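Visitor: Hi, I'm new to this one. Could you show me around?
Guide: Happy to, here we go.
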Amino acid sequence: MAGGDATFISGDSTAASIHALLGLVQDVCKASAGGFKGPFKKDCTDLARRIALLSHLFEEVRDFKGDLRPLDGFSSSCSCLVELKVVVQATKGLLVAADSFDAKISPEGAAKKIAFQFQCLTWKLERTLKNFPYDQLEISEEVQEQVDLVRGQLRRATERYGGSLTPSRLSRALSQPLDKEIDPLQSRNRIIGSLHVASTGSIDHEVTDKVEISPRTNSSKGYGSDQMIHRLERRGSSSASSDICLLNNADADDGESSSPKSSEEHRKPGSPVIPDDFLCPISLEVMRDPVIVATGQTYERSYIQRWIDCGNTKCPKTQQKLQHLTLTPNYVLRSLITQWCVTHNVEQPTALTSGKVKRSDGTFRDVSGEIAAIESLVRKLSSRSIEERRAAVREIRSLSKRSTDNRILIGEAGAIPILVSLLTSDDGITQDNSITSILNLSIYEHNKGLIMLAGAIPSIVQVLRAGSMETKENAAATLFSLSLADENKIIIGASGAIPALVELLHNGSSRGKKDAATALFNLCIYQGNKGRAVRAGIITALLKMLTDTSSCMVDEASTILSVLVSHQEAKAAIIKASTIPALIDLLRTGLPRNKENAAAILLSLCKRDTENLASLSRLGAVIPLTELAKNGTERAKRKATSLLGHLRKSKQL
């Protein structure tokens with residue numbers, strides 16, 4: 001990186017840098033306008049399209065009216081904007097080199113070098129977008145959602161290129177000129193692992209889910225130093241509450257994360273090349289449920305639905321306006337994909353094959369004798385007899401509680417869409433057993449997708465609003481379980497679920513409040529949902545929980561606040577609610593994990609804010625902060641020491 005680029009940009013130089021960045025994006029768009037050719041056509045097209053989709057982000061940075069002083073979270077030698085400029089500049093050069101590549105005249109190994117450069121730039125762009133200070137630059141939720149879609153594409157593209165890169169290796173690779181040979185095979189031998197994986201969900205001790213902990217959260221990304229654990233107690237089948245145990249376990253500080261890895265990452269050498277027409281243009285993965293939009297393009301249903309739910313009205317591929325939002329199933333393509341998978345012995349997205357269930361250890365169990373019984377039970381869910389429906393859904397609930405195999409069989413038998421339709425039943429018993437069955441079925445990862453494809457979220461939200469207290473509890477737990485899949489956080493957040501969860505947090509039973517808190521925490525990991533939670537009144541509820549020690553919800557309140565405080569709207573609401581005195585009390589009397597959360601929240605509220613720092617000093621925070629800096633947990637020591645440093649600089653100490 002050139003010396004002139006290795007400084008923070010501020011003032012007039014910021015405007016110039018943003019202008020240069022937008023100019024580079026325009027150059028990339030112009031380069032792609034005529035189409036690419038050669039063996040790297042698809043790589044060029046994909047990377048250029050993703051760069052073009054970021055133009056709205058750069059335009060909002062250009063229009064930002066606030067203070068562009070050095071941004072927290074970036075080293076003194078490199079800012080996020082400079083990193084983006086370097087990546088886009090390198091992309092422009094790579095597109096030219098790849099588009100003009102000719103295997104006949106190019107030196108040996110040149111193709112490997114270019115392929116590796118695509119891997120490097122894709123990885124680096126995703127990492128840079130991951131650490132971008134969206135809140136500090138007041139980037140709108142709509143643009144953040146679009147950037148999240150681009151990041152998902154980049155992450156999956158990196159996996160397909162094969163493995164991840166260490167920052168040092170990447171830095172060396174990107175510093176290499178395009179005319180210098182890079183050996184990708186040698187580089188991969190030096191890779192020391194993938195992006196940090198945060199294990200954040202263990203359900204019923206059988207399934208482990210991964211949650212992307214948003215790096216935009218400046219203070220706390222998880223549930224305290226020893227994690228916040230929420231357990232939905234096991235109950236008998238006669239109980240009207242959840243039948244599963246949910247364990248949320250998130251790293252609380254300074255971590256990175258990744259989403260579950262695509263199966264293509266582990267594809268063996270020599271495996272068949274997947275036809276481009278079988279890949280969703282958004283996810284770049286094999287389509288399971290292809291649908292056609294108004295422009296005639298085909299996408300995977302869940303991804304195009306998410307795109308539309310985010311407010312987009314143009315076709316992602318053609319950028320033409322969608323005349324209508326109807327999604328038409330592409331049965332012909334679905335059949336072709338199925339036939340291709342069978343012909344090439346490629347495992348289809350199901351754990352049930354030829355009457356056998358594949359276990360996690362790779363072995364198979366014959367369940368052919370159970371399939372007929374479950375299919376018969378599923379048919380009874382549609383019976384005209386209320387009693388027969390009641391009996392069937394009660395048995396489904398019981399079976400779905402017992403084992404993963406049952407959850408697989410029930411999902412494959414087509415029970416999920418029928419159970420979703422029963423959520424709006426006038427019969428309270430049927431409704432309660434249906435929501436609990438869906439909760440149990442959601443433990444199995446593949447069923448999460450089936451539940452989302454069945455359009456369950458609006459009905460779950462309706463149950464959350466108008467059901468009995470027991471069904472509200474289970475609805476909240478179901479939303480938590482579904483939100484463990486990163487893409488579902490966006491859909492659930494846009495569905496109106498957050499105000500209903502906040503209402504349960506205010507007025508629910510003890511268990512209902514805990515269910516709502518867990519779901520809200522997980523949803524607010526996604527930056528775009530934080531503003532929704534604040535506008536729904538979550539801060540008032542959290543402050544009440546924070547100051548009412550008899551509620552046993554101090555843990556939950558401090559943890560959610562530590563996640564929200566990175567959002568500007570949330571920060572203003574926290575200050576307005578006079579939360580600082582309660583946080584100082586927590587510094588004095590709270591448990592170790594609550595003390596560190598309180599210190600993290602206060603640091604976010606008070607740094608660079610002389611008025612809040614003065615309030616902190618006036619209310620007697622110096623003594624507990626000094627004690628915490630000496631004897632607290634490692635994270636608490638860091639936060640307390642930093643806050644004391646700000647007090648000294650402002651002459652409040």
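Visitor: Leaving aside its neighbours within four places in sequence, which residues is Leu505 in contact with?
Guide: Counting contact as heavy atoms within 4.5 Å, Leu505 touches Lys513, Ala516, Ala517, Leu520, Ile538, Ala541, Leu542, Met545 and Met553. This is a predicted model, where local features need pLDDT of at least 70, side-chain atom pairs count only at pLDDT 80 or more, and totals for chains, interfaces and linings use all residues. Residues are numbered from 1 along each chain as its sequence is written, and side-chain values use heavy atoms, with hydrogens and water left out.
Visitor: Which residues touch the most other members of the largest nonpolar core?
Guide: Leu381, Leu505, Ile538 and Leu616 do, in a core of 100 residues. A nonpolar core is a set of buried (under 20% relative accessible area, 1.4 Å probe, protein chains only) Ala, Val, Leu, Ile, Met, Phe, Trp, Tyr and Cys residues joined through side-chain atoms within 4.5 Å. Another core, of 41 residues, lies apart from it and includes Ile18 and Val88.
Visitor: New topic: how many aromatic pairs are there?
Guide: Two, taking rings of Phe, Tyr and Trp (its six-membered ring) with centres within 6.5 Å; planes under 30 degrees apart are stacked, over 60 edge-to-face, and the rest tilted.
Visitor: Why is the pair of Phe40 and Phe118 called stacked?
Guide: Because their planes are at 25 degrees, with the ring centres 6.0 Å apart.
Visitor: And are those two buried or exposed?
Guide: Phe40 and Phe118 are both buried.
Visitor: What about Phe278 and Trp340?
Guide: They pair edge-to-face, 5.9 Å centre to centre with 80 degrees between the planes. Both Phe278 and Trp340 are buried.

Note on methods. Buried means under 20% relative accessible area, exposed over 50%, partly exposed in between (1.4 Å probe, protein chains only).
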